[in-house]
Amino acid sequence: DEIDALLRYLETHGEVDDERLPEWDEFQQLAVDYEVPLSE
């Protein structure tokens, strides 16, 4: 369930409303901070 939620979150660029996941802008900044590439 959590993996499915994360995949939907990534596929929709954060449009999925899930309290367990950060806002998309915050998530993108975390990815930059940890040097994790996000495919566009």
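Q: In which element is D25 found?
A: In this predicted model, D25 is found in helix 2. Helix 2 covers residues 24–33, and helix 1 covers residues 2–11.

Q: How many helices and strands are there in the protein chain?
A: The protein chain has two helices and zero strands.

Q: What box do the C-alpha atoms of the protein chain fill?
A: Taken along the principal axes, the box is roughly 25 × 15 × 15 Å. The accessible surface of the chain comes to about 3,600 Å², and 50% of that surface belongs to carbon and sulfur atoms.

Q: Is D25 buried or exposed?
A: D25 is exposed, because its relative accessible area is 61% and the cut-off for exposed is over 50%.

Q: How is a pair of aromatic rings described?
A: Such a pair is described by the distance of the centres and the angle of the planes. In this structure there are three aromatic pairs. One of them joins Y9 and W24 in an edge-to-face arrangement, with 5.4 Å centre to centre and 65 degrees between the planes. An angle over 60 degrees counts as edge-to-face.

Q: Which parts does the pair of Y9 and W24 tie together?
A: Y9 lies in helix 1 and W24 in helix 2, so this pair ties together parts that are 15 residues apart in sequence. Both Y9 and W24 are buried.

Q: What values describe the pair of Y9 and F27?
A: Y9 and F27 also form an edge-to-face pair, with 5.2 Å centre to centre and 85 degrees between the planes. Because Y9 lies in helix 1 and F27 in helix 2, the pair ties together parts that are 18 residues apart in sequence.

Q: What relative accessible area does Y9 have, and what is the value for F27?
A: Y9 has a relative accessible area of 1% and is therefore buried. F27 has 18% relative accessibility, so F27 counts as buried, given that the cut-off is under 20%.

Q: Which residues do ring pairs link into a cluster?
A: The ring pairs link Y9, W24 and F27 into a cluster.

Q: Where is the place of L6, and where is that of L7?
A: L6 is in helix 1, and L7 is in helix 1 as well. L6 counts as partly exposed because its relative accessibility is 35%. L7 has 42% relative accessibility and so counts as partly exposed too.

Q: Which residues gather in a patch of negative charge?
A: D17, E19, E23, D25 and E26 gather in this patch on the surface. Among them, E19 lies in the loop between helix 1 and helix 2. E19 counts as exposed because its relative accessibility is 74%.

Q: What is the phi of H13, and what is that of E35?
A: Phi of H13 is near 55 degrees, a positive value in a residue other than glycine. Phi of E35 is likewise positive and near 55 degrees, again in a residue other than glycine.

Q: Where do H13 and E35 lie?
A: H13 lies in the loop between helix 1 and helix 2, whereas E35 is in the segment after helix 2. H13 is partly exposed because its relative accessible area is 36%. E35 is exposed, with a relative accessible area of 71%.

Notes:
Residues are numbered from 1 along each chain as its sequence is written. This is a predicted model: local features need pLDDT of at least 70, side-chain atom pairs count only at pLDDT 80 or more; totals for chains, interfaces and linings use all residues. Side-chain values use heavy atoms; hydrogens and water are left out. Patches are made of residues with over 30% relative accessible area and no salt bridge: like charges are joined within 9 Å, nonpolar side chains (Val, Leu, Ile, Met, Phe, Trp, Tyr) within 5 Å. Accessible areas come from the Shrake-Rupley method with a 1.4 Å probe; for residues, only the protein chains shown count as cover. A salt bridge is a side-chain nitrogen of Lys or Arg within 4 Å of a carboxyl oxygen of Asp or Glu. Lys and Arg count as positive and Asp and Glu as negative; His and the chain ends are not counted. The place of a charge is taken as NZ of Lys, CZ of Arg, CG of Asp or CD of Glu. Helices (H or I, at least four residues) and strands (E, at least two) are DSSP runs, numbered from the N terminus. Buried means under 20% relative accessible area, exposed over 50%, partly exposed in between (1.4 Å probe, protein chains only). Rings of Phe, Tyr and Trp (its six-membered ring) pair if their centres lie within 6.5 Å; planes under 30 degrees apart count as stacked, over 60 as edge-to-face and the rest as tilted.
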